[in-house]
Amino acid sequence: MLSIAVVEDNDDLRTAIVNALSGEGHHVVGFDCAEAIAEQGQALRIDLVVVDLNLPGEDGLSLTRRLRVTNPDIGIIMMTARTRSDDKRIGYESGADIYLPKPVSLEELTAAILALSRRLRPAAPAPTGLVLDTVRLTLVGPQGKISLSAPEAALLAAFARAQDHRLETWQIIVVLEQGDRAPNRNALTVTMSRLSAKLRHCGGGAHPLRSIRNWGYQFCEPIILT
């Protein structure tokens, strides 16, 4: 969802655009002149402006230049009956991202806003570390995805939440025990070795779990819990 300002002096057209874009899930405010957005727009966080060029008072080109200076990252779509090549060039030089000759269909305007929104709200980059899904019991990393047992997932989550990602041996045993069956030291070593192999399979380092002599273990990889 974007916060959009529509600057258009034709009341019917402005209302139609505001209603159409609101129906797409955006927060939309209409203004009938550049002066109105200058006065009222200060209190709004605006992501994108749809502006007509032939406005009363300050025209759309002047408004566009001002908006581009005060908010360099804002998206600007011009709508105008000026269709000559020189008019388009001046529009883009003034700061427009997209220049649409009138008449503009609502479908075309919606498509233009969607295209521009990819710059305004880029997709979040994929995480570079490990991602543990504690519900689906999966571990995802740069090199793949693997299933975990419930105790393995619980242990990784405990490491992720622990200070410095360190757990004492007795804490690990508490996490791994099921009912009255607590793992002995040999079984614990096997479990940690198996978990290390799964971490490496997903793209963890050569030694994702470091043994701390006579104390416990430290988890040595960045991890996100979901």
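In which helix is the place of His201? In this predicted model, His201 belongs to helix α8, which spans residues 185–201. The overall architecture of the chain is described before this residue is considered in detail.

The secondary structure of the protein chain consists of eight helices and twelve strands. The radius of gyration is 28 Å, whereas a compact globule of 226 residues would have a value near 17 Å. Along the principal axes, a box of roughly 80 × 30 × 30 Å is filled by the C-alpha atoms. Of the 226 residues, 44% count as buried. Contacts were also considered by their separation in sequence: among those between residues at least 6 apart, 56% join residues at least 24 apart.

The accessible surface of the protein chain amounts to about 12,400 Å², and carbon and sulfur atoms contribute 51% of this area. With regard to charge, the chain carries 24 positive and 26 negative side chains. The centres of these two sets lie 14 Å apart.

Attention now returns to His201 in helix α8. The relative accessible area of His201 is 44%, and the residue is therefore classed as partly exposed, a category that lies between buried, under 20%, and exposed, over 50%. Leaving aside neighbours within four places in sequence, His201 is in contact with Gln143, Lys145 and Ile146. For Ile146, which is 55 residues away from His201 along the chain, the separation between the two C-alpha atoms is 7.8 Å.

Key
Residues are numbered from 1 along each chain as its sequence is written. This is a predicted model: local features need pLDDT of at least 70, side-chain atom pairs count only at pLDDT 80 or more; totals for chains, interfaces and linings use all residues. Side-chain values use heavy atoms; hydrogens and water are left out. Helices (H or I, at least four residues) and strands (E, at least two) are DSSP runs, numbered from the N terminus. The radius of gyration is taken over C-alpha atoms; the globule rule is 2.2 Å times the number of residues to the power 0.38. Buried means under 20% relative accessible area, exposed over 50%, partly exposed in between (1.4 Å probe, protein chains only). Contact means heavy atoms within 4.5 Å. Accessible areas come from the Shrake-Rupley method with a 1.4 Å probe; for residues, only the protein chains shown count as cover. Lys and Arg count as positive and Asp and Glu as negative; His and the chain ends are not counted. The place of a charge is taken as NZ of Lys, CZ of Arg, CG of Asp or CD of Glu.
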